[in-house]
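Load the model in your viewer and switch to a cartoon view. We will go from one selection to the next.

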Amino acid sequence: MSKLTKNQKLASSKIENGKVYTLKEATVLVKEITLTKFDASVDVDVRLGIDPRKSNQMVRGVVSLPHGTGKVVRVLALCTPDKEAEAKEAEADYVGLDEYIEKIKNGWTDIDIIITMPSIMGKIGALGRILGPRGLMPNPKSGTVTNDIGKAVREVKQGKIDFKVDKTGIVHSSVGKVSFSPDKIFDNVKEFIFTLIKLKPSTAKGTYMKSIYLSSTMSPGIKIDPKSVDES
């Protein structure tokens, strides 16, 4: 078992053993326990009371974070020529079609999100083996397959993210940066949690929100009282 570093010990000492924090307390504390030299991401992990093996209990969705993620998102718009100007105006980083499909076939994946049109999915299907494992495959459910290319690009640039419960019943997402104020982190986490609540499967029984933890890159997790998310 690896030993804790000096910074890890210091961060852990700031979290009261066994305490469940309010979301407001956690958004302040997560900044205090982050001792990295870079602007770390703030992450939220939510364990849901569902069985992800059942198709009628799958939780997947999108959310537009009020203050964005703080990350620079590189967007590729794969679209027909008549949509290129729209994509460029919305500040897509790369815009085109066949030339980028060819680049991807040759191993290029220096992008974070691909937005495309329904009529083009036939061409993109062949890239599944490359894009799928990297989480880059466009999907109508996440809003990345649409004829409204400009709107989709703008939403992603402004902080729209998609999420999906994993096989253990946990939803994990980045919800900002440590450089954000506690109020901005609070707003983003609250919007994320409320979106999860709206997506509760009708077949889910018992406690839906089993646990919520807030952390940053390389920091310990802070356990949050789900009821405190309702605070204004």
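In what order do the three strands of the open sheet run, and is the pairing parallel or antiparallel? The order is β4-β3-β5, and the pairing is parallel. Before selecting anything, note that this is a predicted model: local features need pLDDT of at least 70, side-chain atom pairs count only at pLDDT 80 or more, and totals for chains, interfaces and linings use all residues. Residues are numbered from 1 along each chain as its sequence is written, and side-chain values use heavy atoms, with hydrogens and water left out.

**Stop 1: the whole chain**

Zoom out. The protein chain has eight helices and nine strands. These elements are DSSP runs numbered from the N terminus: helices are H or I with at least four residues, strands are E with at least two. The radius of gyration is 20 Å, close to the 17 Å that the globule rule gives for 232 residues, so the chain is as compact as a globular protein of that length. That radius is taken over C-alpha atoms, and the rule is 2.2 Å times the number of residues to the power 0.38. Along the principal axes, the C-alpha atoms fill a box of roughly 55 × 45 × 40 Å.

**Stop 2**

Show alanine 77; its bridge partner in β4 is valine 95. Contact means heavy atoms within 4.5 Å. Angles run from 0 to 180 degrees between N-to-C directions, and axes are lines fitted to C-alpha atoms, for helices over the stretch in contact.

**Stop 2: α3 against α7**

Select 81-89 and 149-157. The axes of α3 and α7 come within 8 Å and cross at roughly 30 degrees. The two helices are therefore roughly parallel to each other. The classes are: under 35 degrees roughly parallel, over 145 roughly antiparallel, 65 to 115 roughly perpendicular, the rest oblique. Show side chains: Lys83, Glu86 and Ala87 in α3 meet Ile149, Gly150 and Val153 in α7. Those contact residues divide into three nonpolar, one polar and two charged. Here Ala, Val, Leu, Ile, Met, Phe, Trp, Tyr, Cys and Pro count as nonpolar, Asp, Glu, Lys and Arg as charged, and the others, Gly among them, as polar.

**Stop 3: the antiparallel sheet**

Which strands make up the four-stranded open sheet? Its order is β7-β1-β8-β9, with antiparallel pairing. β7 (170-177) and β9 (222-224) stand at the edges with a single partner strand each, so one side of each is left without a neighbour in the sheet. The twist averages 25 degrees from one strand to the next. Select β8, residues 209-216: β8 and β9 pair in the antiparallel sense over three bridges. Tyrosine 213 has lysine 223 in β9 as its bridge partner.

**Stop 4: α8 and α2**

Finish with α2, residues 23-32. α2 and α8 (residues 182-198) pack at an angle of about 125 degrees, with their axes 9 Å apart. That makes α2 oblique to α8. Residues of α2 in this contact include Leu23 and Val28, while those of α8 include Phe186 and Val189.

Key: Two strands pair if DSSP finds at least two bridges between them.
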